[in-house]
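This report is a guided reading for someone meeting the structure for the first time. Please keep the sequence and the 3D view at hand while going through the sections below.

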Amino acid sequence: MEKITCVGHTALDYIFNVEKFPEPNTSIQIPSARKYYGGAAANTAVGIKKLGVDSELLSCVGYDFKNSGYERYLKNLGINISKLYYSEEEETPKAWIFTDKDNNQITFFLWGAAKHYKELNPPNFNTEIVHIATGDPEFNLKCAKKAYGNNLVSFDPGQDLPQYSKENLLEIIEHTNFLFMNRHEFERASKLLNFEINDYLERVDVLIVTKGSKGSTIYTKDKKIEIPCIKAEEVIDPTGAGDSYRAGFLSAYVKGYDLEKCGLIGAATASFVVEAKGCQTNLPTWDKVVERLEKHGFKI
């Protein structure tokens, strides 16, 4: 049986590094463009599988998905894709991601087949954790409500946070066990909901806030755990670091590790991903993660 279901986007990514973002009404040159496999739910499902935990993917993809090579790649990894919805008239979602030299990012996202989430009803989930990533807010809320109580629900609004109404965001948080946000999303959500840390912890079991090179913080009702950043050998591209952190954290959790070790495994997993362009290009195995943590003085 798969241990973790990942709900949300499967996308084709086009990743660009630029010196600086252009001003409106101007243009800049880009040195090169290449297609990568992406989408937050797929990134997380692949990361989990590479770490030795079985995963499945619930996503909307387009008529171009089979020919893109992505379908075959997921099948070869052994990820359960029986819950994919195929659109015959829309293309697979696509992201054009621009990163400047300070690692700020701007993303343009083609919704494509993701418009079909509105027509779908959540399936029965037979996994330990249902991880809800970027995707359609209303479908995500339906999935959280369906899974909550029978499965542990993990939620990461990601860059789709601005698409959530205050009511939807509050309701999904009330049906969440693990809430993941980066520091920018945390500030935005807290402002929208008028929340302090304690307001989250009255609703979720664990709140995890990632802070890039400053590490991450794990909050529960009775403790606050600081997780250091595990240094990459070289930072090439930050895209997908958050998804791989969640993959590491959730994989460690289903393997029975405590929250501090889950955070360390998340941080170490992310340290590999930033060493190459693309969200899935350099995902590590469990042994590689443990080895890197030992090198940094952490015993798993």
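Predicted model: local features only at pLDDT ≥ 70, side-chain atom pairs only at ≥ 80, totals over all residues.

## Helix H8 and its cap

Of the 15 residues of H8, 13 are buried, so this helix is largely enclosed by the rest of the structure.

The N-terminal end of H8 is capped by Asp258, whose side chain places an oxygen 3.2 Å from the backbone nitrogen of Glu260.

## Ser271 within H8

Ser271 is part of helix H8, and it counts as buried because its relative accessibility is 3%, where buried means under 20%. Leaving out residues up to four places away in sequence, Ser271 touches Ile230, Lys231, Ala232 and Arg292. With Arg292 there is also a polar contact, side chain to side chain, at 2.9 Å.

For a sense of distance across the model, Ser271 may be set against His184: the two are 87 residues apart in sequence, and their C-alpha atoms are 20 Å apart in space.

## Ala147 in helix H3

Ala147 belongs to helix H3, which covers residues 137–147, and with a relative accessibility of 0% it counts as buried. When its neighbours within four places in sequence are set aside, Ala147 is in contact with Phe125, Val130 and Val153. Thr176 is 29 residues away from Ala147 in sequence, while the C-alpha atoms of these two residues are 9.4 Å apart.

## Ser87 in a loop

Ser87 sits in the loop that runs between strand S6 (85–86) and strand S7 (94–99).

The side chain of Ser87 reaches the backbone nitrogen of Glu89 at a distance of 3.3 Å. Beyond residues up to four places away in sequence, Ser87 touches Val61, Gly62, Tyr63, Ala113 and His116.

## A nonpolar patch at the surface

Trp96, Ile106 and Phe108 together make a nonpolar surface patch of about 280 Å². One of these residues, Phe108, is found in strand S8, which covers residues 105–110. Phe108 counts as exposed because its relative accessibility is 51%, and exposed means over 50%.

Most residues other than glycine have a negative phi.

Asn103 lies in the loop between S7 and S8, and its phi is near 65°, a positive value in a residue that is not glycine. With a relative accessible area of 39%, Asn103 is partly exposed. Asn194, in turn, is placed in the loop between helix H5 (183–193) and helix H6 (197–201), and its phi, about 55°, is positive although Asn194 is not a glycine. Asn194 is exposed, as its relative accessible area is 65%.

How values were computed. Residues numbered from 1 in each chain as written. Heavy atoms only, no water. Buried < 20%, exposed > 50% of the residue type's maximum accessible area, 1.4 Å probe, protein only. Helix = DSSP H or I, 4+ residues; strand = E, 2+ residues; numbered from the N terminus. Polar contact = N/O pair within 3.5 Å; in protein donor to acceptor, adjacent residues only side chain to side chain. Patch = residues over 30% accessible without salt bridge, like charges linked within 9 Å, V, L, I, M, F, W, Y side chains within 5 Å. Areas by Shrake-Rupley, 256 points an atom, 1.4 Å probe, with all protein chains shown as cover. Salt bridge = Lys/Arg side-chain N within 4 Å of Asp/Glu carboxyl O. Contact = heavy atoms within 4.5 Å.
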